[in-house]
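Please look over the sequence and the fold shown here before reading on. The report then goes through selected parts of the chain.

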Amino acid sequence: MTESYPRISKAVIPAAGLGTRFLPATKATPKEMLPVVDKPAIQYVVEEAVAAGLDDVLMITGRNKRPLEDHFDRNYELESALEKKGDAGRLAKVQESSDLATMHYVRQGDPKGLGHAILCAAPHVGHEPFAVLLGDDLIDPRDPLLQRMIEVQTEHGGSVIALMEVDPEQIHLYGCAAVETTVESDVVKLSDLVEKPDPADAPSNYAIIGRYVLAPEVFDVLRKTEPGRGGEIQITDALQQLASDEKIGGPVHGVIFKGRRYDTGDRGDYLRAIVRLACEREDLGPDFRTWLRSYVTEEM
């Protein structure tokens, strides 16, 4: 009989980055608050966590990130103004973000890398598995990746990371995993992880994307992890230790994702994400697609 592990209830969203690739827009505005159509990117991420049953959300923030807290808080003046106008539609949209989840916040004092940001969550998470969602990767709600990862972690324990096949020439942009197949076609077992390897040294073309379900033992490993690539504490290095010694915190599995992913990590991909999502919106899509076809045909 397969052992069942405790189901997780908490999500951690690191959001302390400076967003330097989007300057000057991010000089005074957190990159997570940049709009993707008509919602800030960070709201898509929180919605994904909630859809997976995780309504206890801890956001790791830093300086100049107060707008994140304000966005998920109530705005009584704005709500009152919309209510007086009888604008029920916009009122519902404003209230939606403040009613999504129970939000918590902690500051990452020094930008020492993703591993350090995750370590800041230790007092809140305690000794239970938890999810980590990075804001640069938006996962289409029609492709429930996080739910699948939670299922795998509940069945096998340990940690689970999201993987995606990429062009071998692009693997240097990602963390990379060496994998072993399992009886499940979308699940692999990890034997090694490397942060942003040269293509010639990469153990596979399976790239780590921004979703993790982590065993709490990762905190003990992170406390002892020395700065790695880029002089930062890398979560990849900590997971490599867990994968090489299951006695520490159980196995490390990967879920191979083949669904729709919107990368907002750089300017070009950010614009492509907006176009793709706008084209698929029922309220915007028909007119926008017509204009886009005309623009590409006539102007390009």
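## Basis

The structure is a predicted model.

Strand S11 spans residues 206-214. It is mostly covered, with nine of its nine residues buried.

S11 pairs with strands S6, S8 and S9, taken here in turn. Strand S6 (residues 130-133) runs antiparallel to S11, and four bridges join the two. Within this pairing, Val132 has Tyr212 of S11 as its bridge partner. Strand S8 (residues 159-165) is also antiparallel to S11, joined by five bridges. Here Leu163 stands opposite Ile208 of S11. Strand S9 (residues 175-181) pairs with S11 in the antiparallel sense over two bridges, and Cys176 has Ala207 of S11 as its bridge partner.

Thr181 stands opposite Val188 of S10.

S10 in turn runs antiparallel to strand S12 (residues 252-256), and three bridges join them. In this pairing Val187 stands opposite Val255 of S12.

Lys196 is in the loop between S10 and S11. Its phi is positive, about 45 degrees, although Lys196 is not a glycine. The residue is partly exposed, with a relative accessible area of 34%.

## Helix H11

Helix H11 covers residues 267-280, which is 14 residues. From its first C-alpha to its last it reaches 20 Å, close to the 20 Å expected at 1.5 Å a residue.

The buried residues in H11 are Tyr270, Ala273, Leu277, Ala278 and Cys279. Elements that cover the buried residues of H11 include strand S2 (35-36), helix H1 (41-51), strand S13 (261-263) and helix H12 (285-299).

## The loop between S1 and S2

Pro24 is in the loop between S1 and S2. The peptide bond from Leu23 to Pro24 is cis, with omega near 5 degrees.

Thr26 is found in the loop between strand S1 (10-14) and S2 as well. Thr26 counts as buried because its relative accessible area is 8%, under the 20% cut-off. Leaving aside residues up to four places away in sequence, Thr26 touches Leu18, Gly19, Lys31 and Leu34.

## Loops on either side of S4

Leu54 lies in the loop between H1 and strand S4 (56-61). It is buried, with a relative accessible area of 0%. Not counting residues up to four places away in sequence, Leu54 touches Ile8, Ser9, Lys10, Ala11, Ala49, Ala131, Leu146 and Ile150. Leu54 and Gln153 are 99 residues apart along the chain, and their C-alpha atoms are separated by 14 Å.

Asn64 is in the loop between S4 and helix H2 (66-71). Its phi is positive, about 65 degrees, although Asn64 is not a glycine. Asn64 counts as exposed because its relative accessibility is 53%, and the cut-off for exposed is over 50%.

Definitions and conventions:
Residues are numbered from 1 along each chain as its sequence is written. This is a predicted model: local features need pLDDT of at least 70, side-chain atom pairs count only at pLDDT 80 or more; totals for chains, interfaces and linings use all residues. Side-chain values use heavy atoms; hydrogens and water are left out. Buried means under 20% relative accessible area, exposed over 50%, partly exposed in between (1.4 Å probe, protein chains only). Two strands pair if DSSP finds at least two bridges between them. The expected span of a helix is 1.5 Å times one less than its number of residues. Contact means heavy atoms within 4.5 Å.
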